[in-house]
Amino acid sequence: MARADFQTLPGTRDILEPDAGRVRRLVAVFAEAAAEAGFGQIVPPMFEDVGVFVRLGEATDVVAKELYAFTDKGGRDIALRPEFTASVCRSFAQNRPTTPWKTWYAGPNFRYDKPQKGRYRQFDQVGAEVIGSDDPDVDTELIALAWRFYQRLGLSDVTLLVNTLGDFAERPVYLDALRAHLEANADALSDQARSTMALNPLRVLDSKRREDAPVVAGAPLITDFLSDDAAAAWDRVQAGLDALDIPYQVAPRLVRGLDYYTRTTFEFTSSALDAAQNAVGGGGRYDGLVAALGGPEEPGAGFALGVDRTLLACEAEAVFGPDGDPVDVWVVATTAGTEGLQLVEELRNAGIRADRAYDGRSMKAQMKRADRSGAAVALIVGDDEIAAGTVSLKKLRSEAQGGQATQVPVERDRVVDRVNQVLSESPL
Ligand code: HAM
């Protein structure tokens with residue numbers, strides 16, 4: 001086959017059926033769970049003033065290396081969103097909804113990342129944010145919402161990792177201790193860890209390199225530096241997860257890729273995915289972000305779940321039932337007139353899924369297509385039927401059910417009723 005002139009760009013792909021249908025289902029399951037928990041939807045723009053995203057932290061990969069930023073024709077410096085949280089906080093500062101503001105979202109994000117399985121330059125997230133409450137029960141309820149979503153999808157290999165990063169007040173004291181530890185052991189660290197150490201010592205804790213493991217294992221823990229308030233909030237979140245029977249692992253060295261986090265952070269990993277891309281979702285509290293975006297001093301917390309990776313995890317765990325969304329009726333028209341066209345439109349107007357072949361195919365070719373379509377019923381209109389004021393109805397798939405498929409005439413003006421009757425009887 002000749003190669004098409006254009007291919008999708010690296011890190012992007014066409015999501016076709018059955019995956020597209022699975023994505024629809026996944027978003028619908030999330031939307032339902034979010035609504036049950038009192039969240040309303042936000043659909044923010046996909047691009048914003050680049051400054052909105054720069055506030056995520058200039059030292060983070062997401063901002064320093066991966067931002068799709070450019071100057072538009074009006075001379076504005078803008079960027080495609082790499083995540084939703086910054087836009088949600090910008091929106092809060094702009095629209096000032098009443099607090100606590102609970103909002104959920106679904107849609108694509110853009111990061112100029114190194115493409116590989118489970119890591120794309122355009123990827124979808126579903127997520128939820130709560131702005132205006134620092135009650136640790138909010139953190140627990142957010143985790144519970146994400147957990148419910150995975151449970152409803154039928155995923156069982158998902159692990160919840162939780163940690164706290166304390167408040168900004170205690171962070172510098174901890175970072176000093178961490179930096180001192182890393183510097184004292186710099187000789188034992190990888191080159192990458194040594195260069196990350198100067199910029200963002202927390203990220204060294206995230207190193208997957210084997211040579212860094214002993215130094216990371218001996219590093220001081222933030223939990224030993226928490227203020228009384230932050231320690232009490234951390235206890236309350238764990239007590240909440242226990243009370244709700246949500247299994248979790250405390251991961252004291254869990255570091256998230258974004259810099260805005262305070263207090264609770266969490267990640268969901270799937271053992272069904274490759275270790276490098278096994279995070280199916282993550283989130284946490286970000287009590288300074290709204291103010292950093294010019295809004296009031298309001299705390300916030302939330303999470304985002306990667307739709308593409310969740311889909312891979314669902315595939316690996318084989319949680320999907322039979323795929324496809326076949327039509328109910330296949331119309332086979334062998335006349336030169338508009339009868340086929342009118343019949344499919346009449347069925348569709350009545351809410352019956354209907355399709356047909358085009359290009360004047362032969363009766364045989366059209367019947368073959370009908371058999372392959374997955375439809376329950378074929379409706380045949382030929383010259384004989386037109387002369388008799390009827391349409392022939394044939395149940396498809398009846399051989400598989402042990403019977404012989406027969407054609408029965410149906411009065412033309414009773415077609416919709418008869419089809420509805422047959423569909424309600426069909427064990428589909
Ligand atoms: P994040 O950890 O950067 O957090 O992304 C959340 C999830 O999005 C990841 O766990 C992963 O499943 C998916 N994801 C991220 N990058 C890619 C990629 N290049 N390809 C495929 N999937 C990807 C956030 O985005 C925060 N906004 C979460 C949050 C909300 N924190 C508080 N509120």
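In what order do the eight strands of the open sheet stand? Select the sheet, and you can follow the order β1-β5-β6-β11-β10-β9-β7-β8, with mixed pairing; two strands pair if DSSP finds at least two bridges between them, and strands (E, at least two residues) and helices (H or I, at least four) are DSSP runs numbered from the N terminus. At the edges stand β1 (40–41) and β8 (249–250), each with a single partner strand, so one side of each has no neighbour in the sheet.

Before going on, note that this is a predicted model, in which local features need pLDDT of at least 70 and side-chain atom pairs count only at pLDDT 80 or more, while totals for chains, interfaces and linings use all residues. Residues are numbered from 1 along each chain as its sequence is written, and side-chain values use heavy atoms, with hydrogens and water left out.

Next, select strands β9 (residues 262–270) and β10 (residues 279–285), which run antiparallel and are joined by six bridges; T262 has R285 in β10 as its bridge partner.

Stay with β9 and select R263, which forms a salt bridge (a side-chain nitrogen of Lys or Arg within 4 Å of a carboxyl oxygen of Asp or Glu) with D167, the closest N and O atoms being 2.8 Å apart. Because R263 lies in strand β9 and D167 in the loop between β7 (158–164) and α6 (171–184), the pair ties together parts that are 96 residues apart in sequence. R263 is buried (under 20% relative accessible area, with exposed over 50% and partly exposed in between; 1.4 Å probe, protein chains only) at 14% relative accessibility, and D167 is buried at 16%.
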